[in-house]
Number of protein chains: 2
Amino acid sequence: MKFGVPLKTKHKEILMYCVSMALILFLLKWLEVHFIVFNYRLDLFIGAIAILFTVLGIWLALKLVKPKVETRIIEKEVYIDNSTQTEIDEQEITKLGISKRELDVLNLMATGFSNEEIAEKLFISLNTVKTHASNIFLKLNVKRRTMAVEKAKRMKIIH
Amino acid sequence: MKFGVPLKTKHKEILMYCVSMALILFLLKWLEVHFIVFNYRLDLFIGAIAILFTVLGIWLALKLVKPKVETRIIEKEVYIDNSTQTEIDEQEITKLGISKRELDVLNLMATGFSNEEIAEKLFISLNTVKTHASNIFLKLNVKRRTMAVEKAKRMKIIH
DNA sequence: ATTAAAATCACCCAAAAGTGTGAAGGAAAA
DNA sequence: TTTTCCTTCACACTTTTGGGTGATTTTAAT
């Protein structure tokens, strides 16, 4: 099991878990003492505890475990001519404040994909693609995707 | 909570969990009957169950949690003969049956102008521009202007 | 003169693109 | 810890595009 949270945070989480476990056990003990019904229905009592702590365990795991990273690769064909080797101007990108995700969208845009298709390829919603697109247009100071692509190519942000 | 596993698999996991939970509860019941020690140490008994099911919960969560997806666009480089780089392939144009006016529209499209702007520049109506655009898409066998531009550039119909 | 292709435009309808606003979670930096 | 940026998404609304059909006028070729 891998933990993605910093140590201090992790310890706090675990501590919280221990405390709540103690509290819950105490509460259950109290309930047990006060409602003797449970003694006659030990099965139910234990079942309840089982479910409760299963949920707690799930919560703990979700909180602490670093999600597996699955990498999906999208191939994009880039046509390069040998003479004018188009290097990408990273500085321009950072200067404009274009984020990684926005660049993804921009690249797919340049290939001619629709927002819908881009959404599918990047596993995000159409709305998100639109948001990225809007931000790109703002940063590139253009009004349409075709202009964005044209300008981005001229500025060597994409090839 | 989001599940990254296909539905059928998810259901199987949950089913497995339920079955094992039932089995464990049954086992515990059996233990409870046979070793009365537990009756005198109910606290310990419950604590054990708590821990057991916490672990089970963690296991469940780990099994079912959706892996984080990182999308990466890798660029497949395709080198193009640079001798004919700036030259426009007239033959390709006539082969595709693209007319002069359509080419005008296509060029303005590539610069990023909207149909409206193209109409103004060419002194024709918006509808006419649309007609030309539609014909271009047909002839280039694409569905959108961005794709038309991309394809036309690749085919050296425009630069 | 006849024919054919190109260019022009209108209209309607549907789909895609773009705008604006708000919001929530996560990661990284201050 | 707080703050900031990135990423994600929703929803409502407007504009732009694109598809299909049909029609008229040039232009060019036969």
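Two residues are in contact if their C-beta atoms, placed from the backbone, lie within 7 Å. The model shown in these views is predicted.

**View 1. M109(A) and its neighbours.**
Leaving out residues up to four places away in sequence, M109(A) touches I118(A), R145(A), A148(A), V149(A) and T146(B). One of these partners, T146(B), belongs to chain B. M109(A) is also among the residues with the most contacts inside the largest nonpolar core.

**View 2. The largest nonpolar core.**
How many residues does the largest nonpolar core have? It has 19. Those with the most contacts inside it are V105(A), L106(A), M109(A), I118(A), A148(A) and A152(A). Four elements of chain A, namely α5, α6 (115-122), α7 and α8 (145-154), each give two or more residues to this core. The top contributor is α5(A), with five residues.

**View 3. Chain A as a whole.**
Chain A holds eight helices and one strand. Read from the N terminus, its elements run α-α-α-β-α-α-α-α-α. The chain has 159 residues, and buried residues make up 23% of them. Now take the contacts in chain A between residues at least 6 apart in sequence. Of these, 63% join residues at least 24 apart.

**View 4. The crossing of α5(B) and α8(B).**
Helix α5 (residues 100-111) and helix α8 (residues 145-154) of chain B pack at an angle of about 105°. Their axes are 9 Å apart. The two helices are therefore roughly perpendicular to each other. On the α5(B) side, the contact is made by L106(B), M109(B) and A110(B). On the α8(B) side, R145(B), A148(B), V149(B) and A152(B) take part. By class, the contact has six nonpolar residues, no polar ones and one charged.

**View 5. The crossing of α6(B) and α7(B).**
Which residues bring α6(B) and α7(B) together? The axes of this pair come within 8 Å and cross at roughly 110°. That makes α6(B) roughly perpendicular to α7(B). From α6(B) come N115(B), E116(B), I118(B) and A119(B). From α7(B) come L126(B), V129(B), K130(B) and A133(B). Five residues of this contact are nonpolar, one is polar and two are charged.

**View 6. Helix α8 in each chain.**
In chain A, the buried residues of α8(A) are R145(A), T146(A), A148(A), V149(A), E150(A) and A152(A). What covers them includes α5 and α7 of chain A, together with α5 and α8 of chain B. In chain B, the buried residues of α8(B) are R145(B), T146(B), A148(B), V149(B), E150(B) and A152(B). Their cover includes α5 and α8 of chain A, along with α5 and α7 of chain B.

**View 7. Residues with a positive phi.**
K156(A) follows α8(A), and its phi is positive, near 60°. K156(B) is not a glycine, yet it has a positive phi of about 60°. Is K156(B) buried, exposed or partly exposed? K156(B) counts as partly exposed, because it has 18 C-beta neighbours inside 10 Å. F123(A) sits in the loop between α6 and α7 of chain A. F123(A) also has a positive phi of about 60° although it is not a glycine. With 11 C-beta neighbours inside 10 Å, F123(A) counts as exposed.

**View 8. The surface near DNA strand C.**
Around DNA strand C there are 22 residues. S114(A), N115(A), R145(A), S99(B) and I124(B) come nearest. Elements giving two or more residues to this surface are α6 and α7 of chain A, together with α5 and α7 of chain B. The largest share, five residues, comes from α7(A). The surface divides into three nonpolar, ten polar and nine charged residues.

**View 9**
At least two residues each come from α5 (100-110) and α7 (126-140) of chain A and from α6 (115-122) and α7 (126-140) of chain B. With five residues, α7(B) gives the most. By class, this surface has three nonpolar, eleven polar and nine charged residues.

Conventions: Residues are numbered from 1 along each chain as its sequence is written. Chains are lettered from A and ligands numbered from 1 in the order in which they are written. This is a predicted model: local features need pLDDT of at least 70, side-chain atom pairs count only at pLDDT 80 or more; totals for chains, interfaces and linings use all residues. Ala, Val, Leu, Ile, Met, Phe, Trp, Tyr, Cys and Pro count as nonpolar, Asp, Glu, Lys and Arg as charged, and the others, Gly among them, as polar. Axes are lines fitted to C-alpha atoms, for helices over the stretch in contact, and angles run from 0 to 180 degrees between N-to-C directions. Angles under 35 degrees count as roughly parallel, over 145 as roughly antiparallel, 65 to 115 as roughly perpendicular and the rest as oblique. A nonpolar core is a set of buried Ala, Val, Leu, Ile, Met, Phe, Trp, Tyr and Cys residues joined through C-beta atoms within 7 Å. A residue is buried if 20 or more other C-beta atoms lie within 10 Å of its own, exposed if 12 or fewer, and partly exposed in between; C-beta atoms are placed from the backbone. A residue is near a molecule or strand if its C-beta atom, placed from the backbone, lies within 6 Å of it.
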